[in-house]
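Here is a friendly walk through the pockets and helix packing of one protein model. Have the viewer ready and follow along.

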Amino acid sequence: MTVVLPDSSEDSAARRVERELRKAIITLEIQPGASLSEKELADRYGVSRQPVREALINLGKAGLVGIQPRRGTFVVKISLDLMRQARFVRESLEVAVVRRACVSFDPAVRLRIDGILDRQADLAAEQSHYAFQREDEAFHAALSEGAGFPTAWETLETIKAHMDRVCHLTLPLPETLPKLVGEHRRIVDAIDCHDADRAEVALKVHLDGILKALPKIRDQFGFLFA
């Protein structure tokens, strides 16, 4: 099946392929260990092989794809070490963000967050996992933007992919989505009260969820892990 990519004069074919392929890897549509063919991907995304090659190189730099001469290209299995490192970096940056948000926060972004949280609650009720994951990213990006440091979230986008695949495995658990919405609301409540210590604790509790779920996830999906 050919995937029709949106056209954009500001977005190269390689970037578009990279974005769609990253999505397929993170959502496990293409599973860890799967081999990747430049020709098949070019046919799938309706582009030449060169943009595919560039996208694979970039995904290789991000640690999501392995490229071995004469052996082929494949999706790297989930690494617990890389996931833990990604979580450490993410917590370090986001703690700084929420503490700053307690000092000063853009009112327009704060209003937008209310809409994000409402959509998350609806998606949690519907158990719409991928759509919820997108709104989750929108929430964290808005925290960085509202605090005045949007590049903090942009910096995390590459490394957090190692967390995202594990996160995607936890989302189908029926208790996960409502729990995440509640955690997000507690972070925002602390920001509204200008309570930096409470905001930091709420964020750390939020990020700890993936570590608590990890043993169960690895027992169930061990074949996806390195």
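## Pockets and packing

The largest pocket holds about 640 Å³ of space. This is a predicted model, in which local features need pLDDT of at least 70 and side-chain atom pairs count only at pLDDT 80 or more, while totals for chains, interfaces and linings use all residues. Residues are numbered from 1 along each chain as its sequence is written, and side-chain values use heavy atoms, with hydrogens and water left out.

A word on how the space is found: on a 1 Å grid over the protein atoms alone, a pocket is an open set of points where a 1.4 Å probe fits, with protein on both sides within 12 Å along at least five of seven lines, and lining residues have an atom within 4 Å of a point. Grid points are joined across faces, edges and corners, and the volume is the space filled by probe spheres set on the points.

Which residues lie nearest the centre of the largest pocket? They are Arg19, Arg22, Lys23, Glu137 and Glu157, out of 16 lining residues. Helices α1, α6 (129–147) and α7 (150–159) each supply at least two residues of this lining, and α1 gives the most, with 7 residues. Helices here are DSSP runs (H or I, at least four residues), numbered from the N terminus.

The second largest pocket has about 470 Å³ of space. Its lining has 27 residues, and Thr170, Thr176, Leu180, Gly209 and Ile210 lie nearest the centre. Here α6, α8, α9 (176–192) and α10 (196–220) each supply at least two residues, with α10 giving the most, 8 residues.

Now for the helix pairs. Axes are lines fitted to C-alpha atoms, for helices over the stretch in contact, and angles run from 0 to 180 degrees between N-to-C directions. Contact means heavy atoms within 4.5 Å. Angles under 35 degrees count as roughly parallel, over 145 as roughly antiparallel, 65 to 115 as roughly perpendicular and the rest as oblique.

Take α1 (residues 13–26) and α8 (residues 161–170): their axes come within 9 Å and cross at roughly 45 degrees, which means α1 is oblique to α8. Arg22, Ile25 and Ile26 of α1 meet Ala161, Asp164, Arg165 and His168 of α8.

Helix α8 also packs against α4 (residues 80–103), at an angle of about 110 degrees and with the axes 7 Å apart, so α4 is roughly perpendicular to α8. On the α4 side the contact uses Leu82, Met83, Ala86, Arg87 and Arg90, and on the α8 side His162, Met163 and Val166.

How do α4 and α7 cross, and at what angle? Their axes come within 10 Å and cross at roughly 170 degrees, so α4 is roughly antiparallel to α7. The contact includes Val89, Leu93 and Val97 of α4 and Trp153, Leu156 and Ile159 of α7. By class, this contact has 8 nonpolar, 1 polar and 2 charged residues.

Finally, confidence: pLDDT is the predictor's confidence in each residue, from 0 to 100. The protein averages 91, and 95% of the residues score at least 70. Among the elements, α8 has the lowest mean pLDDT (88) and α5 (residues 107–126) the highest (97).

How values were computed. Nonpolar A, V, L, I, M, F, W, Y, C, P; charged D, E, K, R; others polar.
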